[in-house]
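Biologist: I want to learn how to read a model like this one. Can we start with the ligand?

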Amino acid sequence: MGNYSIEVVEKRLFASTVADEIVASIQDVLSVQNQCSLVLSGGKTPGSIYRVLSRPPCVSEIDWPRVHIFWGDERWVATDAPQSNYRLAHETLLRFIEKHNPNVHPVNTALGSPEEGAAEYAQEIIQYSEASGKDGPGLDIVLLGLGTDGHTASLFPGVNHNSEEGALSAAVIDEQRNLKRVTLLPNLLFSAGRIIMIVSGDAKADIVRRVLEEQDSTQDLPAKQVLEAPGKVTLFLDSAAASKLEKRP
Ligand code: 6PG
């Protein structure tokens, strides 16, 4: 098991607490590196956190021109479609920080297929890693959500993505589950120096208990891989999401 910690936070303090941790993590990275990659998660949960990042004091505590924003996964839709993870970030964060010149690297969902999108995104990450002087493809800070079925990013239970050895990203296609996405893969996501999993709401209480207290495999619960990640891992849970844990952190 990796060296993870769990923070249970009251709902009313959740967004600001997580936003403060993201700011501190970026500052830590930039104190030893010239650039910092911040990988955003999708879904609905992070919107309130991105909004806090877009406002004072957080917005002026981040050296945005040295931050490179990526996505852990993206739905294969136009960037202005309601389901788009890019759109969520644009509505809650990016449109407010444009003047600060962050480096934004969206998945190119205008390409012909999720396979092409995944291949191009892997190259984007390789180019960023080389330009920022890393030894190999690597990311600094990864934000992750948790689905009620135990998925994270677009790593879903029982959904195989055709990816060769060492691939950084993949298309996730599953007609039955109406999935057409691009996701970063575990070897890239879970090797980040800093991983922040963000889970809130009653609906997540059961899956939080399963991930933290049951013996399911990482095949059955891909999100469990975060517990084995070698970096600094923190699971931020609001009180509702933590409400079914036997062992209260
Ligand atoms: C996505 C996300 C996904 C998300 C979880 C939680 O594109 O859907 O990346 O992994 O984080 O499904 O989503 P909610 O925050 O909406 O519950």
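Biologist: How far is the polar side-chain atom of T45 from an oxygen atom of the ligand?

Modeller: First the general idea: a polar contact is a pair of N or O atoms within 3.5 Å; within protein, one must be able to donate a hydrogen and the other to accept it, and residues adjacent in sequence count only if both atoms are side-chain atoms. Here the T45 atom lies 2.6 Å from a ligand oxygen. A side-chain N or O atom of H151 is 2.7 Å from a ligand oxygen. A153 uses a backbone N or O atom, 2.7 Å from an oxygen atom of the ligand. The protein covers 89% of the 410 Å² of accessible area that the ligand has on its own. Such areas come from the Shrake-Rupley method with a 1.4 Å probe, and for residues only the protein chains shown count as cover.

Biologist: What should I know about the source?

Modeller: This is a predicted model: local features need pLDDT of at least 70, side-chain atom pairs count only at pLDDT 80 or more, and totals for chains, interfaces and linings use all residues. Residues are numbered from 1 along each chain as its sequence is written, and side-chain values use heavy atoms, with hydrogens and water left out.

Biologist: Which residues around the ligand come nearest?

Modeller: A residue is near a molecule or strand if one of its heavy atoms lies within 4 Å of it. Of the 15 residues around the ligand, T45, D73, R75, A153 and K204 come nearest.

Biologist: How do I read the sheet?

Modeller: Strands (E, at least two residues) are DSSP runs, as are helices (H or I, at least four), numbered from the N terminus. Two strands pair if DSSP finds at least two bridges between them. Here 7 strands form an open sheet in the order 1-10-9-6-2-3-5, with parallel pairing. Strand 1 (4-9) and strand 5 (103-104) stand at the edges with a single partner strand each, so one side of each lacks a neighbour in the sheet. Strand 9 (residues 194-199) pairs with strand 10 (residues 232-238) in the parallel sense over 6 bridges. In strand 10, K232 is the bridge partner of R194.

Biologist: Which backbone angles deserve a look?

Modeller: Check omega, then phi. The peptide bond from P56 to P57 is cis, with omega near 0 degrees. P57 is in the loop between helix 2 (47-53) and helix 3 (58-61). A153 is not a glycine, yet has a positive phi of about 50 degrees. A153 lies in the loop between strand 6 (141-144) and strand 7 (169-174).
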